[in-house]
Amino acid sequence: MRTQITSSATVMSSDAVKKRKPKVIRSEAGAPETKRGRAEGDQDVRVYNEEVELEVRDPQQDYMLYKDTCAALAKLMEEIQELKAGGAKVQSVEIEERRTQCSVHFITLKKLNRLAHMRLKKGRDQTHEAKQRVDVLHLQLQNLLYEVMHLQKEIGKCLEFRSQHEEIELVSEEEFFQEAPAEISRPHVTRDDQHQLTLARLDWELEQRKRLAEQYKMSLARKEKIQKAIEQKREYLSSLQPGLQNIMQASLPVQEYLAIPFEHMQKQAEVARHLPPPLYVLLVQAGAYGQACDKNLSVSISGDVDEAKALSRPPEDSQDDESDSDAEEEQQNTKRRRATLGVQLDDKRKEMLRRHPLSLCVDLKCKDGSVLHLFFYYLMNLNILTVKTKVSTTTDLSGAVSAGELLNSESLLNCLYASDHGKETPNPANRYQFDKVGITTFGDYVSDLGHPFVWVQKLGGLQFSSGGAQSGLTGSALSASHMERTMKLLRGRLQARLALHKQFSSLEHSIIPVSSECQHLFPAKVVSGLVRWTTMSCQEFTELGFVQHVLKAGLVHETDLFFMATVERGTARLRAAVVMNPRYPEVAPLFSLSLHWKGERSGRTDDNLQAMESEVNVFRSELQGPRPGLQLLTNQIQRLCVCLDVYLETESQVCDGSEGPKEFPREKMCLRTARGPSRLKPFKYNHPQGFFSHR
């Protein structure tokens, strides 16, 4: 095939040399024309049109011709390269002949290129024409769809059209035929013709409304007469008001002298009518307990009384049937109600956690003048009570840094009863209510709403089903059964925290306050002393290495308070991590020890340090002091200092093996310095003998 193409190209080139063809001129439109010579009539005019040739040529054959031409051209180039490599001259006949053939092939490629561009242009023109036809059809389709939509809207308007008479509530057909006169009802006509029946019912409705309008006018006239009579009586009663007020003001000194605040009680009783039932039960029972058992307890009501009255007022049903303006107002209200269907989730949560506008304030006064204020709130949608606290004292309590959490309102009432943390709602139904509005836990809102302790619910007469045993009491009986014990616990909690506050002030100044009633529990001379007393967080406590056994035993809770005490004597330094339960002094503080002296030791590695922990943790009954045991913490710290003296003095003798100690002189009298395989030291102090012995 390649040979045939080469031969044909050779023949074409020889013919072109022998016979000169007329030059063809092509115009921009693609119509070629021959170049005119001197004598146009004498020369042959030949017209060549490639567009006509393009119609009859096969693109596939042109593609094959293109491939063959490219292959032949490549072959010729290789032969020229071989001839040059073989030493042939550039002007040799073989190279010239192959150059001529290459030129012919280039001409063929240029022609194929022109044909390809013409085919591309023709395809683009055809595509553009087809797109124009599609755009025209698409525009027609859109017009038709718009007409269909318009017709559908018109049809919908026609179907939704409601006549004005359909909004009028007419009497039933049975009642119409029974009450309407025959000239209006016309049974022989209306029973078979629904249209005539509707017209007759409308006529009867018009007659009834005319009659009712007359009755309304008569009622208005009678109402005006009654109002005039009421106004006259009201003026008479108003004239009595100043005199009654003067009498009440004159009786105030008598009320104060007899301790009967009649006016205050009357106002409070008037406001108490608008309290929700749980707060009302709490008001009655707390007031009764204060009058009977605790004169230092007072109860008061606070809040917006007008808003509470609006909540207790039943909604009034309104019927707008007087005029067209009333109907329009009803339509606007309907649209407004529809718009509120898309209320945001935050608004739903606020509505769920909404408090009653009225609240109770219970004040517990102590002998030293301090007051515990308890604010009780009722969450209407959750049906639970919450409480917030505040402490007022006669002295400044800002001196002790470590006592900052003692009177904190968020933690003051934690675990008043065992395991009652007040973080979650005690009402099981609230869990399903929270799921609807996306509330994960009630603990996130405790700081704003108050703590829902279980004892608070019982004071309000609320009792919810739980895993524990139920008392069977409800309402006032349940509140009365828990009132006395709860008030005593609250007063004890306040006294314990105030006592701890004073003790912490002394401990921060390295002074261990020991009362005179507890002096006999310790020897006269204690060398070891407290050098530091600080507070720490729960996370800092858990990171200590010598308290891990306490954590594993589950003796530490998030509601506990954590402190660090440092006791020193000479080069020995004893660190005591203290865990204080909120129910102190009913639950004693828990001490964990670590001694830094000739290395580091703890209760897990040293039996004597473990015995020291037992002295302050296990035998706490010896350190309780007079009831209610408010000196327990300071007595434990003092006992710890005494035990450190015994440990160091006896340990020096054991280590040195000599009669006289070198660093810590022996000042405590001990019957035996060590006993048993563990070589335990005598930490028990015997009074009044004044010596130490083993337990």
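Contact here means heavy atoms within 4.5 Å. Helices (H or I, at least four residues) and strands (E, at least two) are DSSP runs, numbered from the N terminus. Axes are lines fitted to C-alpha atoms, for helices over the stretch in contact, and angles run from 0 to 180 degrees between N-to-C directions.

The model is predicted: local features need pLDDT of at least 70, side-chain atom pairs count only at pLDDT 80 or more, and totals for chains, interfaces and linings use all residues. Residues are numbered from 1 along each chain as its sequence is written, and side-chain values use heavy atoms, with hydrogens and water left out.

**The five-stranded sheet**

An open sheet of 5 strands runs in the order E7-E8-E9-E10-E11 with antiparallel pairing; two strands pair if DSSP finds at least two bridges between them. E7 and strand E11 (600-602) are the edges, and each has a single partner strand, so one side of each has no neighbour in the sheet. On average, neighbouring strands of this sheet are turned by 20° against each other, direction ignored. Between E10 and E11 there are 3 bridges, in the antiparallel sense, and His596 has Glu600 in E11 as its bridge partner.

Two helices lie on these strands. H20 lies across E9, E10 and E11 and runs at about 150° to E10. H17 lies across E7, E8 and E9, at about 125° to E7.

**The cores**

A nonpolar core is a set of buried Ala, Val, Leu, Ile, Met, Phe, Trp, Tyr and Cys residues joined through side-chain atoms within 4.5 Å. Buried means under 20% relative accessible area, exposed over 50%, and partly exposed in between (1.4 Å probe, protein chains only). The largest nonpolar core has 49 residues, of which Phe504, Trp533, Leu574, Met612 and Leu633 touch the most other members. Elements giving two or more residues to this core include helix H17 (475-508), strand E7 (529-536), helix H20 (607-617) and helix H21 (632-656). H21 gives the most to this core, with 11 residues. Beyond four places in sequence, Leu633 touches residues including Leu500, Phe504, Trp533 and Phe591. A second, separate core of 48 residues includes Leu297, Ile384, Phe464 and Leu494.

**The four-stranded sheet**

Another open sheet has 4 strands in the order E3-E4-E5-E6, with antiparallel pairing. Its edge strands are E3 (297-303) and E6 (384-392), each pairing on one side only. The twist averages 25° from one strand to the next. Helix H10 (residues 277-292) packs on the sheet and touches E3, strand E4 (358-365), E5 and E6, with its direction at about 155° to that of E3.

| Strand pair | Sense and bridges |
|---|---|
| E3 and E4 | antiparallel, 7 bridges |
| E4 and E5 | antiparallel, 6 bridges |
| E5 and E6 | antiparallel, 9 bridges |

Val362 is the bridge partner of Val299 in the E4 strand, and Val362 also stands opposite Leu374 in E5. Leu379 stands opposite Ile384 in E6. E4 and E5 form a hairpin with 5 residues between them, and Gly369 in the turn has a positive phi of about 95°. In E4, 7 of the 8 residues are buried, so this strand is largely enclosed by the rest of the structure.

**Asn686**

Asn686 lies in strand E12 (residues 684-686) and is buried, with a relative accessible area of 16%. Apart from neighbours within four places in sequence, Asn686 is in contact with Phe691, Phe692 and Ser693.
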